[in-house]
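I opened this model to look up helix packing and charged side-chain pairs. My entries are below.

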Amino acid sequence: MTQTPIHSPSQALNSHVGNNDLLDAVMAKLGLKNDAALSRALEVAPPVISKIRHGRLPIGATILIRMHEVTDIAIRELKAIALPATCEVAV
């Protein structure tokens, strides 16, 4: 019997496309126009946003919590945005 691999939420937040979707959703929720404004809102250095966008840095717990604090979007919903559609998550 073969089982479908279950990816942890932390692995899902390392998806290049999913992370861009998440950054874009946070920008839209806050009404921001660019990544520089997003970095100011999240209180992170602009290169952090750039590295996430280019797949060189996963979204960590600290940034995820900060996204929740500034947008009031539940962490579960933020993870769902970043989660690739084909992955299952162990809850």
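Entry 1. I note at the start that the model is predicted.

Entry 2. I looked up how helix 2 (residues 16–30) lies against helix 5 (residues 61–71) and found an angle of about 20 degrees, with the axes 10 Å apart. Angles under 35 degrees count as roughly parallel, and helix 2 and helix 5 are therefore roughly parallel to each other. The crossing of helix 2 with helix 5 is left-handed.

Entry 3. I listed the contact residues: helix 2 brings Leu22, Leu23, Val26, Lys29 and Leu30, and these meet Leu64, Met67, Val70 and Thr71 of helix 5. I sorted the residues of this contact into 7 nonpolar, 1 polar and 1 charged.

Entry 4. I then counted salt bridges and got 4. One of them joins Arg53 to Asp24, with the closest N and O atoms 2.9 Å apart. Arg53 is in helix 4 (residues 46–53) and Asp24 in helix 2, so the pair ties together parts 29 residues apart in sequence.

Entry 5. Arg53 also forms a salt bridge with Asp35, at 2.8 Å from N to O. Asp35 belongs to helix 3 (residues 35–42) and Arg53 to helix 4, so this pair ties together parts 18 residues apart in sequence. I record Asp24, Asp35 and Arg53 as linked in a network of salt bridges.

Entry 6. Is Arg53 buried or exposed? Its relative accessibility is 15%, so Arg53 counts as buried. Asp24, at 40%, counts as partly exposed, and so does Asp35, at 28%.

Note on methods: Residues numbered from 1 in each chain as written. Predicted model: local features only at pLDDT ≥ 70, side-chain atom pairs only at ≥ 80, totals over all residues. Heavy atoms only, no water. Axes fitted to C-alpha atoms, helices over the stretch in contact; angles between N-to-C directions. Helix = DSSP H or I, 4+ residues; strand = E, 2+ residues; numbered from the N terminus. Parallel < 35°, antiparallel > 145°, perpendicular 65-115°, else oblique. Left-handed = near helix turned anticlockwise from the far one by under 90°. Contact = heavy atoms within 4.5 Å. Nonpolar A, V, L, I, M, F, W, Y, C, P; charged D, E, K, R; others polar. Salt bridge = Lys/Arg side-chain N within 4 Å of Asp/Glu carboxyl O. Buried < 20%, exposed > 50% of the residue type's maximum accessible area, 1.4 Å probe, protein only.
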